[in-house]
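Colleague: I am new to this model and would like a close look at a single part of its surface. Could you take me through the nonpolar patch and what surrounds it?

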Amino acid sequence: MVTRSDVLILGLSAGVVGSLVGGFTLGIGMGLIAQGAHVGWLLALPGAPLGGVLGLLLARRLARQLPREPN
């Protein structure tokens, strides 16, 4: 069974991991763009969605722990 602490840890870890990964990709991408390298757009644009995808993966991992209810 999933407890409140599990949900709290999910929220905290999704926020931290998503922010770090999204921030790093956005920062590196913007640095490359500022130096004139157009390849930086490939890092800067997916920065925010990539952070969200990590949160989704963590939530799915937690949802697998829920007991299945018969229909």
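Modeller: Let us begin with Phe-24, which is found in helix 1, where helices are DSSP runs of H or I with at least four residues, numbered from the N terminus. This is a predicted model, in which local features need pLDDT of at least 70 and side-chain atom pairs count only at pLDDT 80 or more, while totals for chains, interfaces and linings use all residues. Residues are numbered from 1 along each chain as its sequence is written, and side-chain values use heavy atoms, with hydrogens and water left out.

Phe-24 has 56% relative accessibility and therefore counts as exposed, a word that stands for over 50% relative accessible area with a 1.4 Å probe and protein chains only, buried being under 20% and partly exposed in between. Together with Val-16, Leu-20, Ile-28 and Leu-43, Phe-24 makes a nonpolar surface patch of about 480 Å². Such a patch takes residues with over 30% relative accessible area and no salt bridge, and joins nonpolar side chains (Val, Leu, Ile, Met, Phe, Trp, Tyr) within 5 Å; a salt bridge is a side-chain nitrogen of Lys or Arg within 4 Å of a carboxyl oxygen of Asp or Glu, and the areas come from the Shrake-Rupley method with a 1.4 Å probe, only the protein chains shown counting as cover for residues. Helix 1, residues 4-34, gives the most to the patch, with 4 residues.

The C-alpha atoms of Leu-45 and Leu-26 are 7.3 Å apart, although 19 residues separate the two along the chain.

Conventions:
Patches are made of residues with over 30% relative accessible area and no salt bridge: like charges are joined within 9 Å, nonpolar side chains (Val, Leu, Ile, Met, Phe, Trp, Tyr) within 5 Å. Helices (H or I, at least four residues) and strands (E, at least two) are DSSP runs, numbered from the N terminus.
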